[in-house]
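The sequence and structure are shown first.

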Amino acid sequence: MIEVTDLSFKFNKKPVLENINVRFDEGEFILIAGNNGAGKSTFLRCLTGVLTPISGSVLYKERLSKQRIGFIPDRLGFFENFTLKKAIDFHTRVFRTDGFDDSLLKELELDLNSQVKTLSVGERTLFLFSLIMAQKPRLLLMDEILHAVDAYLRDVFLDRLLDMIAQYNTTVIAVNHTFSEIEKIPDRVLVMENGRFIIDEKTDALREKVKKIELEPNGTVPDDLPVLFKKETPYIKEYYVYPFEERMKAAFDVKFRDLNLADILKSFIGGYYVKKRV
Amino acid sequence: MFRMNIDTASSVPVYKQAIQAIKVEILAGRLKDGDPLPPIRELAKIIRLHPNTVAKVYAALQEEGFIAGKMGSGHWVTFKNRKLDSLKKALIEDEFRNFIDRVLAVGATKPEIKELMEKYLNGDHHD
């Protein structure tokens, strides 16, 4: 559905994205994780066309029209002084949608005559979502906004998101959405570091490849064990192993524990900070 | 109704866990022959899985003969007892293996496990 070729982007002459090559297929749910400043938001903005890369290309297959692309940025500063009603009129006209489903606004008891700026972060996110829903999106790009949304509204959001996917087979690319409710949904995970993707794996494969071992305070690991990230205090000694291979179990007598996705991603991001310090 | 516990800290893929969970529902009698299953879209929301994953789960269960489905009329449970017996055996073995792993991890020896097993199975563990 999307083919990104040799994409680079600079900001104030500083490289932000470096020679990215990646493709995304229809119906995939992709999670992009990475430390702050890795380039994730810039990458999303290049996909939407808000930013123009200095070199390389973003190619949409089957002539996906802009009208069918939804974008939820990390900061929601849209239509501030508009009333909800006016914002709906505007959005549906710009994207030439046929109609607007106001069921979500009713569920949240939002007043169409109030101004957008009076809404909470969560309400705004859901309001934007219902605007995007009218576009019948085939692609949804979501920056890290759900972390700012409370647990209840996040639930409402996720239900609607799953409805959207079921209805339009929407491809979703979500940045840094690592809380537990969403954990089972992504089928592919990418980790960005210094403007490149260092990991691009199917979620199931990634779960098999990252393991944690817990050692005694004086315990040691073999030199050739690929340790991604360590956590050492006088009380705990945890090593995150990547890439884990079955043969390590025979070679090293310790329990290799499975991890949830949030912990896996945390160890990659932690790994970045360790490398930076060295 | 759906007690589908999916362990996100497990390297068993979630779709496999979901398949297993539905089989457990059938085995435990909470889903009976002929019972309807939630539409893909609804189950996706209940257990927070991607609708494509749920579709894959239903397709696999259909392939194995645990459920049937028809375009437009959804999915429902359908099974043969023979299948249920082998499933039961597989599930019990699974649980047993997990249990053994756990007690070994806390330091039990094989003779100790055997001894405790006898004791509990004979019902004299109340002392």
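In this predicted model, 4 salt bridges are found across the interface of chain B and chain A. One of them joins K45(B) to D163(A), with the closest N and O atoms 3.0 Å apart. Across the interface of chain B and chain A there are also 8 residue pairs in polar contact, both residues being at pLDDT 80 or more.

On the side of chain B that touches chain A, the elements giving two or more residues are α1 (14-27), α2 (40-47) and α3 (51-63) of chain B. Of these, α2(B) gives the most, with 4 residues. By residue class, this side of chain B divides as follows.

| Class of residue, side of chain B touching chain A | Count |
|---|---|
| Nonpolar | 9 residues |
| Polar | 5 residues |

The size of an interface is often given as the accessible area lost when the parts come together. Between chain B and chain A the buried area is about 1900 Å², and carbon and sulfur atoms give 53% of it. T8(B), R48(B) and H50(B) supply 37% of the area that chain B buries against chain A, more than any other three residues. The contact draws 23 residues from chain A and 17 residues from chain B.

Within chain A, strands β8 (residues 188-193) and β9 (residues 196-202) pair in the antiparallel sense over 6 bridges. In this pairing V191(A) stands opposite I199(A) of β9(A). The two strands, β8(A) and β9(A), form a hairpin with 2 residues between them. In the turn, N194(A) has a positive phi of about 45°.

How values were computed
Residues numbered from 1 in each chain as written. Chains lettered and ligands numbered in written order. Predicted model: local features only at pLDDT ≥ 70, side-chain atom pairs only at ≥ 80, totals over all residues. Heavy atoms only, no water. Contact = heavy atoms within 4.5 Å. Buried area = accessible area lost by both parts, 1.4 Å probe. Salt bridge = Lys/Arg side-chain N within 4 Å of Asp/Glu carboxyl O. Polar contact = N/O pair within 3.5 Å; in protein donor to acceptor, adjacent residues only side chain to side chain. Nonpolar A, V, L, I, M, F, W, Y, C, P; charged D, E, K, R; others polar. Pairing = 2+ DSSP bridges.
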